[in-house]
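This report looks at one helix and at a few charged pairs. The sequence and the model are shown first.

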Amino acid sequence: MSSCFSFTASRDWLYRHSFSHSGLRSSSTDFGDGTVMHCWVPRDRRPDKPALVLVHGFGANATWQWSEQLRPLLSRFNVFVPDLLFFGESATSSYDRSEAFQARCLMRLMEAMGVRRMSLVGISYGGFVGYSLAAQFPDAVEKVVMCSAGVCLEERDLEEGLFKVRDLEEAASLLVPQSAERLRQLIKMSFYRPPMAVPTCFLNDFIHVMCTEYIYEKKELIQEILKDRKHLQLPKITQPTLIIWGEQDQIFPLELGHRLRRHLEENSQLVVIKHAGHAVNLEKPREFGKHLKAFLIDSPPISDIVH
């Protein structure tokens with residue numbers, strides 16, 4: 001691969017072009033206190049459509065994680081796709097690394113956009129932020145989708161061997177990879193059927209383009225979600241909630257999905273997608289999209305589903 005060509009940068013350009021071609025535009029909001037948040041917003045907002053916020057997890061920026069789901073949702077919703085703080089074009093000078101702070105900033109962003117009522121879908125870390133937003137601003141959130149989001153994890157789960165990693169340092173080095181070896185390991189753990197034999201030059205290119213900014217801050221985000229965490233202290237959100245999990249998730253094991261279902265009781269439903277790992281939205285986009293549509297649009301009865 002020529003040193004002047006970046007596959008990752010080219011693919012990123014294609015995703016941005018696709019978002020723009022779909023009717024969204026890139027927008028940055030400066031809160032005036034050292035915090036700037038970037039978001040893809042509707043170019044022509046329809047007053048007859050409800051708002052839907054798609055919240056990404058760790059990894060590349062939001063366009064990479066939501067490209068497969070965007071078009072079907074745009075026909076029914078005014079879709080907003082933000083970059084969380086320290087991802088994409090969003091950042092803050094604040095030292096607060098909690099998902100509660102991320103959620104408050106996201107709410108400020110939505111208010112700046114004139115959005116007072118929304119549904120939201122959160123993937124992995126984005127689910128932590130989305131759950132916190134729903135808990136802090138119950139009147140602003142109508143429905144919640146949690147995808148592979150281990151919000152019911154506890155600090156002791158790491159010590160008791162629930163996760164593949166041994167400690168926080170290893171978790172951080174995996175989720176914020178700085179070597180081809182680590183990124184290859186992350187891909188292997190994220191997919192039930194990971195792509196085979198990805199060239200090292202491609203992995204290094206991805207790291208160079210996507211993983212070299214805000215390394216320290218991202219590692220702090222990971223440390224913060226585990227700090228003194230006990231799932232029984234997690235507030236119970238009141239909104240109807242869909243929980244989607246890949247059966248073979250190695251990042252946040254399925255036990256955490258069942259734990260969240262028990263925590264929310266009858267107000268939630270759990271969908272387990274077979275032959276899928278942590279990146280279920282990328283590995284099984286059609287099934288994932290089908291369940292989003294059924295829950296967000298068709299509103300089926302709350303029940304447990306396994307596919």
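Which residues of α5 are buried? They are Tyr125, Gly126, Gly127, Phe128, Val129, Gly130, Tyr131, Ser132, Leu133 and Ala134, where buried means under 20% relative accessible area, exposed over 50% and partly exposed in between, with a 1.4 Å probe and protein chains only.

## Basis

This is a predicted model, in which local features need pLDDT of at least 70 and side-chain atom pairs count only at pLDDT 80 or more, while totals for chains, interfaces and linings use all residues. Residues are numbered from 1 along each chain as its sequence is written, and side-chain values use heavy atoms, with hydrogens and water left out.

## Helix α5

Helices (H or I, at least four residues) and strands (E, at least two) are DSSP runs, numbered from the N terminus. Helix α5 covers residues 125–136. Because 10 of its 12 residues are buried, α5 is largely enclosed by the rest of the structure. Its buried residues pack against elements including β3 (51–55), β6 (118–123) and α10 (215–226).

## Salt bridges

A salt bridge is a side-chain nitrogen of Lys or Arg within 4 Å of a carboxyl oxygen of Asp or Glu. By this rule there are 11 salt bridges.

One of them joins Arg259 and Asp157 at 2.9 Å, N to O. Arg259 lies in helix α11 and Asp157 in helix α6 (residues 155–159), so the pair ties together parts 102 residues apart in sequence. Both Arg259 and Asp157 are buried.

Glu255 and Arg262 form another, with the closest N and O atoms 3.1 Å apart. Salt bridges that share partners join Asp157, Glu255, Arg259 and Arg262 into one network.

Technical notes. The expected span of a helix is 1.5 Å times one less than its number of residues. Contact means heavy atoms within 4.5 Å.
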